[in-house]
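Welcome! Please take a moment to look over the sequence and the model, and then let us walk through them together.

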Amino acid sequence: SKAAGRNCFTIYDEAMSAELEARNMLEGDLRDAIARCQFELHYQPFVDVASGQRCGFEALVRWRHPTRGLIPPDQFIPLAEETGLIVALGEWVLRRACEDAASWPSDARVAVNLSPVQFKEAELFDVICAALGDSGLPPERLEIEITESVLLERGIENHAFMERLKSIGIELALDDFGTGYSSLSYLTAFPFDKIKIDKSFISNLSHRPHSSAIISSIVTLARGLDMSVTAEGVETSEQFERLKGLGVNFAQGYLLGRPQPIERIAPEPPVAGSR
Ligand code: C2E
Ligand code: CA
Ligand code: CA
Ligand code: CA
C-alpha cells in the first residue's frame, strides 16, 4: 500500500518523506540527547500578587543541541510524546527539578509540567516518590501542572491518581485553563489546588473587555471551590495591577522574570517565615 500511495501522490509523498526524514533524524537526536543528558531546566518565578513576593519557580525544559543550539520545548515535546521518549525525559525533569529545589536557600516551591503520556504510566507515582525521596524535597514544595487533556481520557483512573498525589502533600495545578474543551464542570470534578489562566486571556486584558469578565468569574468560581488562581504571561505592570484588582492570587510572566538557568537567578532577600 506504501508503493501504491507513492504512485498516486508523488509530489505530496516527496514532501512527506522529506518531513519524515527530518523527523527520523530529530528522533535519533532526541534519543541520543536523553542518553547524554543534553537537557537543561530553566526556571521562571511566580509571585504572590498581594505581597509581590516570589513563592516558587516553574521548571521549563530546553534541549541544548550540539549543533542547533538551544531548542525550546514546543519543538521537541510533541515528538517526545509520540515516540514515548517523554517518559524518560519527564523522569529526568522531575528528578532534576526536585534536586535543584532541595538546594535552594528558601522554601520556594517548584512546579513541574507532566505530559498526559506520563500520566498513563503505572510507575509514575513511584517515580515521583523516588524523585522526592532521593532529593529530600518535602512533597509540600512540589507542584504538578497538568493540562485538561489528562482529564478527558481515563478520567476515573486519573482522578484516583490525583487523589494519591494530594494525599502525600503534592499540589496540583490545572495548566492553560481556558484554551481547551473543558467546561467548568472539570474544575469541580477534579481535586485541583490551583488554576492557571492561559496567557491569551492576560494579553487581551487591555483591549478586550470580555477578558476581565472571564478572569473575574474564574476567580469567583475558584474561591468557591477553594482553589487559587495564577495568571500566566503577565508582561506589563498595567496587566499586573488589573489582575490584582480582579483578585488573582499568583502571577507569572516576563514582567516578573523570564525563564533562566537557576544559577542566573538573583537571590531574593530572605522572606519572613522562610527557613
Ligand atoms: P507552559 O507550561 O504553559 O509554560 C509557560 C510558557 O510560557 C513557557 O514557554 C514560558 O517561557 C512562556 N512564558 C512565560 N511568561 C511569558 C510571558 O510573559 N509572555 C509570553 N509570551 N510567554 C511567556 P516554554 O518554556 O517555551 O514552554 C512551552 C511549553 O512546553 C510549556 O507551556 C509546557 O506545556 C511545555 N513544557 C515545558 N517544559 C516541560 C516539561 O518539562 N515537561 C512537559 N511535559 N512539558 C513541558
Ligand atoms: Ca505549565
Ligand atoms: Ca501554561
Ligand atoms: Ca502550554
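This is a predicted model: local features need pLDDT of at least 70, side-chain atom pairs count only at pLDDT 80 or more; totals for chains, interfaces and linings use all residues.

Residues are numbered from 1 along each chain as its sequence is written, chains are lettered from A and ligands numbered from 1 in the order in which they are written, and side-chain values use heavy atoms, with hydrogens and water left out.

Let us begin with the ligand. Around ligand 1 there are 21 residues, of which Gln44, Arg62, Lys199, Glu235 and Tyr254 come nearest; a residue counts here if one of its heavy atoms lies within 4 Å of the molecule. By class, this shell holds eight nonpolar, five polar and eight charged residues. Here Ala, Val, Leu, Ile, Met, Phe, Trp, Tyr, Cys and Pro count as nonpolar, Asp, Glu, Lys and Arg as charged, and the others, Gly among them, as polar.

Where does the protein touch ligand 1 through polar contacts (pairs of N or O atoms within 3.5 Å)? A polar side-chain atom of glutamate 235 lies 2.5 Å from a nitrogen atom of ligand 1. A backbone N or O atom of tyrosine 254 is 2.8 Å from an oxygen atom of the ligand, and a backbone N or O atom of valine 61 is 3.1 Å from a nitrogen atom of ligand 1. Taken alone, ligand 1 exposes 800 Å², and the protein buries 83% of that (Shrake-Rupley method, 1.4 Å probe).

Terms used:
A polar contact is a pair of N or O atoms within 3.5 Å; within protein, one must be able to donate a hydrogen and the other to accept it, and residues adjacent in sequence count only if both atoms are side-chain atoms.
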